[in-house]
Amino acid sequence: MNKIYRYLFIAFGFLLSINQGVTIILGTLQTGVQRGADIIMPVDIPVYLLLILKNDRSRRSKYGNKVSTIKVLLFLFLVWSLSGEFVSVEPPEFRFGFVHLARAIIIAYCVLTRLTQKSELLAFVKGMMYGLLFQAFVGVWQWQIGPLYIPFFEMYPTWRSTGTIAVANAYGVYLISLLPLAIRLALFTNIKPKLLWYTISVLAAGALFASYTRGAWLAFVVSMALFFVLDFKNQKLNSKQLSLFMFMSVVAMVFIGVKYGTEISSRMSDTSESLMGEKKHSRMGMARDAMKVIDKNKIFGVGLNNYHFHADEEMQGTRIVHNAYLLIMAQQGVPGFLLFALIHFLAFRSGFKIKHTRDNQLYHIGMATLCGLTAVLIYHNVAPDYRTILVLWQHWRLMAMVVAVLVVEDITRKTLIQKQIYLQQLNRRKGKDIPSLIPNSTT
């Protein structure tokens, strides 16, 4: 069964990059238009098989109580969101949003409770990297060659790379959720195949640039710099790794600056006006409007996917506040937002304990997950893409995986200690001694 579990985790990780499914009608809008959602999606298959076939073994770790607490909070968060069915202007729109939120929470629950062995974690990581390779390849093709049409996927040609996600900004967020992991696999671990991780890192970085998502660029740079400092402070990088990282960073910045400096300057030129301008469609103007919506709907919110029915009618574009936290508060009420904040606070506070591990692979996987989550949380301050399917999945996957890596580390360490004790007892009878099986910081 262990081999089957590993294959399921590979499939799980890969299919987190596929956002097409089977649509079922959920209702009819007041305009007479039918509204549907992807009730069945490819990722559902490995997720439900893992939930059915594999037991929750997270309780075997010292983080079992933490996992149980987060599970309860996830359930309460989802149940509270159900109130949107009764307060929303368009219930079919709410059902659309709820279907995708529920799947994201189920994905988080599966990661949190079924990912308990190191071999499974490595399989899951590889699956996600294969998915990132697919999306990055599509993005680079769109950037360098032109539109790419793949059966089963709905893609629309634009001047920005979008992968199969069709929304450039959401594509940028998907990339920053996984790119820190690809870079750490390539530079700082001995997980093979190394050449593949380097290839994925380069393609994903190129695709991120080609998405022209300013918020994702800045969030990625800030989070990478922050966690690089933490690595240095924790003395987790040797001089060779440090030199390689600095060299590649400088080369990348010089190349991009020389070749694409004009395009970057053009893209960033109106950032100040976009964020702080007096117009209603600036980020600040949207935030002020969101506060009015929240003030009128403090308890239950306006319902998932119903915000635009309450936004200022003079607001341009999609009429959605470009701040995920305000959007959550407006659509799921203040209690819903507090549950959201508490879940992430508990995960984050626990997640940094991974710095104490002596297992180099688990350290870098854990820190990459924290880095990806930090980048996404930073980005959420300036955009509404949290509601997009792949962003929603990756957001909740990151949160759950922060804790799951700790569970894996604890169970792995306990298993090695038990094996060490058994072998020592066995060899003591034979008058022999054996070296420690517990990994050191360079394993």
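Trainee: How many helices and strands does the secondary structure of the protein come to?

Mentor: The model is predicted: local features need pLDDT of at least 70, side-chain atom pairs count only at pLDDT 80 or more, and totals for chains, interfaces and linings use all residues. Residues are numbered from 1 along each chain as its sequence is written, and side-chain values use heavy atoms, with hydrogens and water left out. Helices (H or I, at least four residues) and strands (E, at least two) are DSSP runs, numbered from the N terminus. Here there are 15 helices and two strands.

Trainee: What share of the residues of the protein count as buried?

Mentor: Buried means under 20% relative accessible area, with a 1.4 Å probe and protein chains only. Of the 443 residues, 55% are buried.

Trainee: Which residues of helix 2 are buried?

Mentor: An α-helix has 3.6 residues a turn, so residues three or four places apart point the same way. In helix 2 (residues 44–53), the buried ones are Asp44, Pro46, Val47, Leu50 and Leu51. They pack against helix 1 (2–15), strand 2 (34–40) and helix 5.

Trainee: How many cavities of 30 Å³ or more does the structure hold?

Mentor: Rolling a probe the size of a water molecule over the atoms shows where empty space is left. On a 1 Å grid over the protein atoms alone, a cavity is a set of points where a 1.4 Å probe fits but cannot get out; lining residues have an atom within 4 Å of a point. Grid points are joined across faces, edges and corners, and a volume is the space filled by probe spheres set on the points. This structure has two cavities of 30 Å³ or more.

Trainee: Which residues lie nearest the centre of the largest cavity?

Mentor: Gly97, Leu304, Gln331, Arg387 and Leu392 do, out of 14 lining residues. Helix 5 (91–114), helix 13 (324–351) and helix 15 (389–429) each supply at least two residues of that lining. Ala, Val, Leu, Ile, Met, Phe, Trp, Tyr, Cys and Pro count as nonpolar, Asp, Glu, Lys and Arg as charged, and the others, Gly among them, as polar. On that scheme the lining has eight nonpolar, five polar and one charged.

Trainee: Which helix gives the most to the lining of the second largest cavity?

Mentor: Helix 9 does, with four residues. The lining residues include Met224, Phe227, Phe228 and Asp231. Seven residues of this lining are nonpolar, none polar and two charged.

Note on methods. 1 Å grid on protein atoms, 1.4 Å probe; cavity = no way out; pocket = protein on both sides within 12 Å on 5 of 7 lines; lining within 4 Å. Buried < 20%, exposed > 50% of the residue type's maximum accessible area, 1.4 Å probe, protein only. Contact = heavy atoms within 4.5 Å.
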